[in-house]
Amino acid sequence: MLNLANLAEEVQIAYRRRIKKLKKGDFVDESSATTESDIEETFKRLVSDLGKSPEDIFDALKNQTVDLVLTAHPTQSVRRSLLQKHGRIRDCLAQLYAKDITPDDKQELDESLQREIQAAFRTDEIRRTPPTPQDEMRAGMSYFHETIWNGVPKFLRRVDTALKNIGIDERVPYNAPLIQFSSWMGGDRDGNPRVTPEVTRDVCLLARMMAANLYYNQIENLMFELSMWR
C-alpha cells in the first residue's frame with residue numbers, strides 16, 4: 001500500500017511541476033511550450049552569473065563524460081514483475097491527468113488501474129530465492145528496456161535545445177561520450193563466491209545479446225518510419 005501511495009505522490013508532483021511550467025511560459029498546452037528544463041536554466045546561469053561564453057559551455061560538454069555504473073546485490077528482494085506492475089500503474093495515473101481525456105478513456109483507464117492494483121496485491125513482494133548473477137543482469141537490463149533506452153536520447157535532445165536557446169546552433173556530436181554506462185553485475189567478486197570467470201563471461205555475452213536486440217528492434221522501427229517513395 002505504501003508503494004502505491006508513493007507512486008500517486010510522484011505522479012502528482014510531476015503534474016504540478018508541469019502545470020507550473022505551463023503557467024510560467026503562458027502556453028496553452030505542453031506541446032507548444034519551449035524547453036524550460038533545469039539544463040537550460042543552468043546554462044543561462046553559467047552565462048549570466050559566471051561569465052562563461054556559450055562556446056565554453058559547448059566545448060566543456062563535448063569533452064566531459066558522465067559514467068553511470070549499474071550495480072546489483074544478491075540480497076535485493078524486489079521482484080521485476082512487481083516493478084513492471086508499478087510502472088503500468090504510474091502510466092495509468094499519468095494519463096488520467098490528460099486534459100483531452102474523454103469519459104470512455106477515463107473509464108478504461110480506471111478499469112486498467114484496478115486490474116493492475118489487484119494484480120500487484122496478488123503478487124508476492126519478496127523474492128524467495130537469491131538471484132543468480134545472470135538474474136541480476138537481466139534485472140539491470142530491464143532498466144534499459146523500460147527507461148534508459150528512450151530516456152537518454154530525450155535528455156540529449158533537451159541538451160541540444162538548451163544549447164540552441166543560448167546561441168549555439170550546433171548539436172552535441174554523436175561520438176561525444178556525454179553519458180556512458182558501466183556495470184558491476186556479474187563481475188563484482190567482493191564477497192560473492194558465485195561470481196566466477198565463467199559467470200562473468202556468460203553475463204557479458206548476455207548483455208551483448210540484449211544490446212543487439214535493442215538495436216535490431218530500433219532499426220526495424222526505422223525501416224517503417226523511413227519508408228519513403230522516391
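**Entry 1. Helices α6 and α7**

How are α6 and α7 oriented to each other, roughly parallel or roughly antiparallel? I worked on a predicted model, in which local features need pLDDT of at least 70, side-chain atom pairs count only at pLDDT 80 or more, and totals for chains, interfaces and linings use all residues. Residues are numbered from 1 along each chain as its sequence is written, and side-chain values use heavy atoms, with hydrogens and water left out.

I took helices (H or I, at least four residues) and strands (E, at least two) as DSSP runs numbered from the N terminus. I found that the axes of α6 and α7 come within 10 Å and cross at roughly 25 degrees. The axes are lines fitted to C-alpha atoms, for helices over the stretch in contact, and the angles run from 0 to 180 degrees between N-to-C directions. The two helices, α6 and α7, are therefore roughly parallel to each other. For this I used the classes under 35 degrees for roughly parallel, over 145 for roughly antiparallel, 65 to 115 for roughly perpendicular, and oblique for the rest.

I noted a right-handed crossing where α6 passes α7. A crossing is left-handed if the near helix is turned anticlockwise from the far one by less than a right angle, and right-handed if clockwise. I then listed the contact (heavy atoms within 4.5 Å). On the α6 side I recorded residues including Met137, Met141, Phe144 and Trp149, and on the α7 side residues including Val203, Leu206, Met210 and Leu214. By class, the residues of this contact of α6 with α7 divide into 13 nonpolar, three polar and two charged. Here Ala, Val, Leu, Ile, Met, Phe, Trp, Tyr, Cys and Pro count as nonpolar, Asp, Glu, Lys and Arg as charged, and the others, Gly among them, as polar.

**Entry 2. The chain as a whole**

I counted seven helices and two strands in the protein chain. Along the sequence I read the pattern α-α-α-β-α-α-α-β-α. Of the 230 residues, 24% are buried; buried means under 20% relative accessible area, exposed over 50%, and partly exposed in between (1.4 Å probe, protein chains only). Among contacts with a separation of 6 or more, 76% join residues 24 or more positions apart.

**Entry 3. Gly186 and Thr200**

I located Gly186 in the loop between β2 (179-183) and α7. Gly186 is buried, with a relative accessible area of 4%. Leaving out residues up to four places away in sequence, I found that Gly186 touches Pro133, Val195, Val199, Thr200 and Val203. Gly186 and Glu198 are 12 residues apart in sequence and 9.7 Å apart in space, C-alpha to C-alpha.

I next looked up Thr200, which is found in α7 (residues 197-225). Thr200 counts as buried at 18% relative accessibility. With the sequence neighbours up to four places away again left out, Thr200 touches Gly186, Gly187, Arg189 and Val195.

Which residues of α3 are buried? In α3 (residues 54-62), I found Pro54, Ile57, Phe58 and Leu61 to be buried. Seen down the axis of α3, these buried residues fall within an arc of 100 degrees, so they line one face of the helix. The arc is that of the directions from the helix axis to the C-beta atoms. As background, an α-helix has 3.6 residues a turn, so residues three or four places apart point the same way. The buried residues of α3 pack against α2 (38-48) and α6 (133-165).

I found that α2 and α3 pack at an angle of about 130 degrees, with their axes 9 Å apart. That angle makes α2 oblique to α3. The crossing of α2 past α3 is right-handed. Phe43, Leu46 and Val47 of α2 make the contact with Pro54, Ile57 and Leu61 of α3. I classed this contact of α2 with α3 as six nonpolar, no polar and no charged residues.

In α2 I also looked up Lys44. Lys44 counts as partly exposed at 41% relative accessibility. Lys44 and Asn165 are 121 residues apart in sequence and 8.9 Å apart in space, C-alpha to C-alpha.

**Entry 4. Helices α4 and α5**

I found α4 and α5 (residues 103-121) packed at an angle of about 160 degrees, with axes 9 Å apart. The helices α4 and α5 are therefore roughly antiparallel to each other. Their crossing, α4 with α5, is left-handed.
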